[in-house]
Amino acid sequence: MTEKHIVLEDIDCVIFYGANNVHLQMIKAFYPKLRIVARDNVLRVLGDEEQMAALEESVEKLRQHVLKFNSLNEEDIIDIVKGRRTRDDVPKDVLVYSMSGRPIKARSENQQKLIDLYHANDMLFAVGPAGTGKTYLSIALAVKALKEKTAKKIILSRPAVEAGEKLGFLPGDMKDKIDPYLQPLYDALEDMLPQVKLQEMMEKHVIQIAPLAFMRGRTLSDAVVILDEAQNTTPQQIRMFLTRMGWNTKMIITGDTSQIDLPRPQKSGLVEALHILNNVEGIGVVELTKKDIVRHKLVTRIVNAYEHYDKESEEKSKIEKD
């Protein structure tokens with residue numbers, strides 16, 4: 001009797017096996033001459049050699065399906081096992097699929113411009129107000145590169161700028177103190193990658209999340225590197241970060257110049273970098289606006305209200321000076 005072990009790599013086994021192993025039971029029914037036992041991400045298969053070869057081919061197709069779409073249903077299993085036509089190809093405008101199976105893609109003209117400039121350049125600055133999808137789309141591009149093996153790792157960073165609460169007063173060790181600043185990056189990753197796989201990738205340093213201060217002295221190669229909240233970098237910090245770029249690396253720098261938390265009169269490194277690097281070949285710049293906001297409709301109204309307030313305050317300040 002032939003025995004083989006099939007490893008389900010890079011996917012969430014819960015999706016593959018289905019609730020209460022319903023998907024696994026369906027697969028077993030198609031191969032009655034085989035005994036299939038699942039343990040974690042390994043299928044132990046015993047039985048007929050011919051059916052085993054057919055099972056192995058079907059399992060690989062099912063694995064690829066889950067890897068692409070983060071979902072699997074009974075109809076997909078029947079179509080794949082029976083060799084019918086399936087949705088094998090991800091539509092061109094979709095970057096990746098979320099853990100709920102939702103397609104992640106551009107939802108505005110400027111978001112599409114962000115994606116196009118990423119492909120056309122090695123470095124990209126994405127600037128705009130909160131809710132325009134800068135960070136989320138950037139991480140989706142990085143996850144896509146990792147899945148397609150055009151990058152070996154993802155490196156995510158943020159400046160740890162204190163906004164109202166001192167780091168020293170937060171509980172825990174340095175990681176505990178830094179993690180709150182990096183939570184938006186964790187949130188986006190958890191929406192696109194299985195929890196177990198994400199944890200494994202972070203343990204193996206395939207995905208690295210670190211504060212900006214930890215970047216000094218490194219050369220970042222074969223990676224997609226994202227610097228989030230770059231408006232809160234100093235000119236020295238962003239210069240240090242940008243010069244970490246190594247071979248076969250893409251860099252995305254995101255920020256909102258209307259939300260600078262640096263103490264006055266400290267100048268924002270992002271604002272200075274945009275001015276200095278504006279016409280450098282190989283660097284793309286996309287400016288998203290309130291029209292690109294994809295959060296709750298109230299976010300757009302809040303942004304408008306603050307813009308109006310800032311404009312009135314500026315005009316009042318000019319009048320008082322005169």
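Leaving aside neighbours within four places in sequence, which residues is Ile-283 in contact with? The structure is a predicted model, in which local features need pLDDT of at least 70, side-chain atom pairs count only at pLDDT 80 or more, and totals for chains, interfaces and linings use all residues. Residues are numbered from 1 along each chain as its sequence is written, and side-chain values use heavy atoms, with hydrogens and water left out.

Ile-283 lies in strand β11 (residues 283-287). Helices (H or I, at least four residues) and strands (E, at least two) are DSSP runs, numbered from the N terminus. Beyond those sequence neighbours, Ile-283 is in contact with Asn-121, Met-123, Phe-125 and Leu-277. Contact means heavy atoms within 4.5 Å. Ile-283 counts as buried, at 16% relative accessibility. Buried means under 20% relative accessible area, exposed over 50%, and partly exposed in between (1.4 Å probe, protein chains only). Leu-117 is 166 residues from Ile-283 along the chain, yet their C-alpha atoms are separated by 8.6 Å.

Helix α9 spans residues 235-242. Its buried residues are Pro-235, Ile-238, Met-240, Phe-241 and Leu-242. Their cover includes β6 (123-127), β9 (223-227), β10 (250-255) and α10 (269-276).

Two aromatic pairs were found in a search of the whole structure. Rings of Phe, Tyr and Trp (its six-membered ring) pair if their centres lie within 6.5 Å; planes under 30 degrees apart count as stacked, over 60 as edge-to-face and the rest as tilted. Phe-16 and Tyr-17 form an edge-to-face pair because their ring planes stand at 85°, with centres 5.8 Å apart. Phe-16 is buried at 0% relative accessibility, and Tyr-17 is buried at 9%. The rings of Phe-69 and Tyr-97 are also edge-to-face, with centres 4.9 Å apart and planes at 65°. This pair links distant parts of the chain, 28 residues apart: Phe-69 is in helix α3 (residues 49-69) and Tyr-97 in strand β4 (residues 94-97). Both Phe-69 and Tyr-97 are buried.

On the surface, Leu-298, Ile-302, Tyr-306 and Tyr-309 form a nonpolar patch with about 460 Å² of accessible area together. Patches are made of residues with over 30% relative accessible area and no salt bridge; like charges are joined within 9 Å, nonpolar side chains (Val, Leu, Ile, Met, Phe, Trp, Tyr) within 5 Å. A salt bridge is a side-chain nitrogen of Lys or Arg within 4 Å of a carboxyl oxygen of Asp or Glu. Accessible areas come from the Shrake-Rupley method with a 1.4 Å probe; for residues, only the protein chains shown count as cover. Tyr-306 belongs to helix α11 (residues 297-321). Tyr-306 is exposed, at 56% relative accessible area.
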